[in-house]
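Have the sequence and the 3D view open side by side as you read.

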There are 2 protein chains.
Amino acid sequence: MFESAELGHAVSKRTYEKELPKLRSDLLEVQASVLEKAEFAVVLVLAGVDGAGTGDIANLLLGWIDPRDVHVHAYGKLSDEQSSRPPMWRYWRDLPARGKTGVFFEGWYASPIHDRVRRRIGGAEMTRRLAETTRFERMLVDEGALVVKVWLHLTKKGQRRRFESLAADPATAWRVDKESWKHHAQYDRFRQVSERALRETNTSEAPWTVVEATDARYRNLTVARTLLDATRARLERGRRTAPSRAAPPPAPPIDSRNVLADLDLTKALTAAQYDKQLPRLQGRLNELSRHRHFRDVGLVTVFEGNDAAGKGGTIRRVTAALDARHYDVVPIAAPTDEEKAQPYLWRFWRHVPAKGKVALFDRSWYGRVLVERVEGFAPEPDWMRAYREIVDFEDSLARTGLVIVKFWLAVSAKEQLARFRARQNIPFKRFKITADDWRNRKKWPDYAQAVCDMVDRTSTEVAPWHLVEANDKRWARVKVLETLCRSLERALGAR
Amino acid sequence: MFESAELGHAVSKRTYEKELPKLRSDLLEVQASVLEKAEFAVVLVLAGVDGAGTGDIANLLLGWIDPRDVHVHAYGKLSDEQSSRPPMWRYWRDLPARGKTGVFFEGWYASPIHDRVRRRIGGAEMTRRLAETTRFERMLVDEGALVVKVWLHLTKKGQRRRFESLAADPATAWRVDKESWKHHAQYDRFRQVSERALRETNTSEAPWTVVEATDARYRNLTVARTLLDATRARLERGRRTAPSRAAPPPAPPIDSRNVLADLDLTKALTAAQYDKQLPRLQGRLNELSRHRHFRDVGLVTVFEGNDAAGKGGTIRRVTAALDARHYDVVPIAAPTDEEKAQPYLWRFWRHVPAKGKVALFDRSWYGRVLVERVEGFAPEPDWMRAYREIVDFEDSLARTGLVIVKFWLAVSAKEQLARFRARQNIPFKRFKITADDWRNRKKWPDYAQAVCDMVDRTSTEVAPWHLVEANDKRWARVKVLETLCRSLERALGAR
C-alpha cells in the first residue's frame, strides 16, 4: 500500500503558493455548503507514521477552514468513565452532528495497531478488531456520513531525518523524545502491521488515502485536495442513497406456525403462587446484583412488547429488587433534535451503562425494525441494515462483560382491547392511550411478522430474546424475574 | 434544627397500611401531571445521618412512582473527567429535564459536610461552599424547578440501635461495616457540623425538611407526603413567576460618556506592523500553551461583539497559535430542545473545558443580557438575575484554575454597514447576513446600553472584560492576542 508514497513526491514553493489560495477558498466554500445543508457529517481520520505530521496537518486545516464547525479529537489513555464501557463508546460520544466535521487523530486504529506492534494481541484478534471498525465505518456511511481516511507515510530514512531536523531546531525540539526514537527502532514492525491494518480496512465506502509526507508542501496540498474532492463528490450525490444490499426477510412459513403463534397465552399463576414466588425471585435478584463479580459485569435489559402488555409494571417489579443507586430505567420516546442529527444507534449508545450498573430499556433500538418498519417511518434499506447493526451493537456490549437480556411481552388482541378500555377509565392513566395505540392495533399481523423477523435475526447467544406470555401479568412478571436470575447466574458463575 | 425530629415520632402498622395506598396513587397522579405539563423539573435531595435509610427511601419511592421518569444519582469519588472540572460540573450534567425527576443522594452537601467533619476545611470555607450551593438552588428555583430537600435524622442512640439491628440480620449485615462504626464514633461532631450546614442552607425557596427516621413507617410516610405536598403546591402555582427582586440597571450617565463611547475606533495598525507583530504574538501564545503549568490551568475565552465585528477571523488568528488537539471553538447558536428543557446556563456548562484545554466561545452566555434582553426574548426577571448567575458561573470556573478572558469587539455603525454590504457580494459569505442582522442594527442604542450594563455588572477580577476597537481588523487581532498572552503570563507566573 505504500509504494506510491515512496516516490519522493515534492512540490516547489512556487507551485505551493500558487495553488494554496484557491484551495483554501474552495475548502471554505464546500464547508459552508456542508453546514448549510446539514445533510451529512464529515469524519476525517488522520493517522500515520510518527513524525509524519498529523498534528501539523490538523493545525493547518483548522487554519484554513472555519474552526467553529470542526471538533478535533485526540485520545490518550482511557479515562475511568471510558474504561468501564465498550471501546467504541468514546468514539460514538464524539461523533459530529450532520453539517459538522470531526477530526479523529488515529481514528479507531490506535489500539489494534499499537497492541499488535507490541505483541499484546495476536493477528487474529487484530483482524477481529479491525472488522469491528470497518462495520462501524460502514454504518457511518450508510447513515449518510462522509468518511475520509488519510494515512501519512514516511520511509524509515525519512522518519529519521524528520526527527533529526525537529530535534535540531530549539522551537520544535520538544516534539522529539525517547518515545519517538523507540518508535523509530520499531519502524519495520510498525510498517508491517500498519500495512496489514490498512489493507484490511481499505473498504470501498471508506478507503484510505496514503500520502507521502516527506515533503511538507506536497503533503499539505494532497491532504487538503483529498478532503476537498471527497466533500465535493459527497455534496453532488446529495440525499440519494444506494438501494439496500441486504436480503429481504424470508417469507412467513407456509404452515403459519411462528414463535408468537406458538406461545400458550393461557399460562397463568394464582395470586397465592405469585405472592410466594415474586418476593423469592426478587430476593434472589437482589443478591445477584450484590455479587462480588457483578461490578465487573453489569446488565442491559430490553423490554419490548405489544402496547399495554405490561412493560411498565414488569419493570417496576424488577427495579423493586435493585438498589436505586445502581439502575436506570431508560424510556425510549421520540428522538430529540440532537439525536436526530446523529446515526440511529447514537441515542442508545449514550445510555450504555458502566460496568456494575443496570439499564432497563422501556422500548429500545428495536423500534427501527418494529414500528418504524411497519409504519414506514424508516426507508426499507435503513431498517433492513438495522438487524446487522443491532447485532454488532449488542456484541460490543457483551464483549465488555455486560449481560444482555431481551424480553418480548406478548398479549392477545382481545386482552389488549380489554386493557385499553380499562385504562381509559382511570384518570391518570388515560393519557397513556393515544391515537397511535389504536392505529397500531389495526396492523396486528404486520407487527406480528416484524416481531418474528426480529427474533429470527437478532436472537444471539450473547443477547437472546425471551418471549413472555403476558395475558396473565403475574405469569409474565415471574417469568421475567426468573429469566433475569438465570441469565445472571450463568454469567456470574462462569467467572 | 433537630428538636422536632427527636420526639420519638412513630406510626402504627394499621395507620401505615391505611394511609399508604392513597398516598401511592396520589404520588403517581401528581407525577403524571408533572410529566404531562413538562413545565418544571423536580430535584429531590435525600441526605441524612448514616443508617437513617436514604437508600431505603429511594428504593421505596421508585417502587411507588414510575421509575421511567426518575433518575437517581449517587456520587462517589470524583472520576478523572469530573476532577478536572469545577466541583458543580457533575451535578449540572445530571440535572433532570423539565417534566422529569432527579433524586440526588446527599445532593451537593457531601463534600462541604464531610470535609468539615474531617477538618480538611475550616468553618469559613464550609460557609463559602454552602453559599455556592444555595445560589445554585436559587438558580434552579428561578428557572422553575421544584427543589425538595429531605434530611433523615437519627439520635446517637437511634443510630447505634439501627446498626445493631442491621448487623443482626444476615440479609442486611453487609450494610454495616467498619466505616459505619467510625461514623458512629464521630456522631457528635457530624451532628454539630450538619446542623450548621442545614441552618446555612435552609432558604425560603429550598428549605430543608428534617424527618425523624427512627420509625421506618413514620419516615416513609413523611417523606412521601413531603414530596407530594411540595409537588402539588408547585403544580398549582403553574407558570406564574415571582417578580424580580433584582435592582434594575442604573440609568445611563447624564453626560452620555460610557465605556463604548470612550473607545477610539480610529486605532489601526499598518500592514507592516501587523505582519511583524502577529507571528510574534502567536509564537508567544503557543509557548504559553505549552508551559508546564498550563495543564493545571486551561483557558476560557469569550468573543462577543457587534455583528460583523470580525469575531470569526479573530478566533482563527488565535487558534492558529494553538494545537488543534487542545482547543475547541464553541459557536453558540439557538438552543437544541434538550438545552431548552434545562436551566439557561446548562448549555454552557456542558462545554466547560477540562484543565489544560482551551475553549473559545463564539458568542456565549452573555446572549441573555444582550440580544435576549434587547429583543425581549427573555422576560425581564430572567435577564436581570442573569448578571448574578453569570458572575457565579465564571467564579466557579476560575476557582478550578481556568483563566477567563472576555472580549467585546466594537465597530462603528458605519463600518458595520460597509461590512454587511461587502459580505453580500461574496457567494459563500452571503448566508452569514440574515434578516436578524439588519433588525439588530436598528436597535443600535439599545444594544450599546446593554453592553455597558453588561460590562459594569460582570467585569470581575477573575473574569475581566476587554473592549477591543475593531474598526481596524489588524488592530483588533493584535490586541486580542496580546491580551491573551498577558492574561496567561499573569496566571502562569503566579504559580
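## About the model

This is a predicted model, in which local features need pLDDT of at least 70 and side-chain atom pairs count only at pLDDT 80 or more, while totals for chains, interfaces and linings use all residues. Residues are numbered from 1 along each chain as its sequence is written, and chains are lettered from A and ligands numbered from 1 in the order in which they are written.

Helices (H or I, at least four residues) and strands (E, at least two) are DSSP runs, numbered from the N terminus.

## Where the chains meet

Two residues are in contact here if their C-beta atoms, placed from the backbone, lie within 7 Å.

In chain A, the axes of helix α1 (residues 13–37) and helix α10 (residues 216–237) come within 10 Å and cross at roughly 30 degrees. Axes are lines fitted to C-alpha atoms, for helices over the stretch in contact, with angles from 0 to 180 degrees between N-to-C directions. α1(A) and α10(A) are therefore roughly parallel to each other; angles under 35 degrees count as roughly parallel, over 145 as roughly antiparallel, 65 to 115 as roughly perpendicular and the rest as oblique. The crossing of α1(A) past α10(A) is left-handed, a term used if the near helix is turned anticlockwise from the far one by less than a right angle, with right-handed used if clockwise. Among the residues making the contact are Y16(A), L23(A), L27(A) and V30(A) of α1(A), and L221(A), A224(A), L228(A) and L235(A) of α10(A). In this contact of α1(A) with α10(A), 9 residues are nonpolar, 2 polar and 6 charged.

Over in chain B, α2(B) and helix α10 (residues 216–237) have axes that come within 11 Å and cross at roughly 55 degrees. α2(B) and α10(B) are therefore oblique to each other, and their crossing is right-handed. Here I57(B), L60(B), L61(B) and W64(B) of α2(B) meet N220(B), V223(B) and A224(B) of α10(B). That contact has 6 nonpolar residues, 1 polar and no charged.

Next, look at helix α20 (residues 473–493) of chain A, whose 21 residues reach 30 Å from first C-alpha to last, close to the 30 Å expected at 1.5 Å a residue. The expected span is 1.5 Å times one less than the number of residues. The buried residues of α20(A) include V478(A), V480(A), L481(A), L484(A) and L488(A), and also R477(A) and K479(A). A residue is buried if 20 or more other C-beta atoms lie within 10 Å of its own, exposed if 12 or fewer, and partly exposed in between. The buried residues of α20(A) pack against α11 (271–289), β6 (299–305), α12 (311–319), β9 (403–410) and β10 (465–469) of chain A.

R280(A) sits in helix α11 of chain A and counts as partly exposed, with 13 C-beta neighbours inside 10 Å. R280(A) and V478(A) are 198 residues apart in sequence, yet their C-alpha atoms are 10.0 Å apart in space. In chain B, the buried residues of α11(B) are L281(B), L285(B), L288(B) and S289(B), and what covers them includes α20 (473–493) of chain B.

## Two residues with positive phi

A308(A), in the loop between β6 and α12 of chain A, has a phi near 65 degrees, a positive value in a residue other than glycine. A308(A) is buried, with 22 other C-beta atoms within 10 Å.

R363(A) is not a glycine either, and has a positive phi of about 70 degrees. R363(A) lies in the loop between β8 (358–362) and α15 (371–374) of chain A and is partly exposed, with 17 other C-beta atoms within 10 Å.

Key: Ala, Val, Leu, Ile, Met, Phe, Trp, Tyr, Cys and Pro count as nonpolar, Asp, Glu, Lys and Arg as charged, and the others, Gly among them, as polar.
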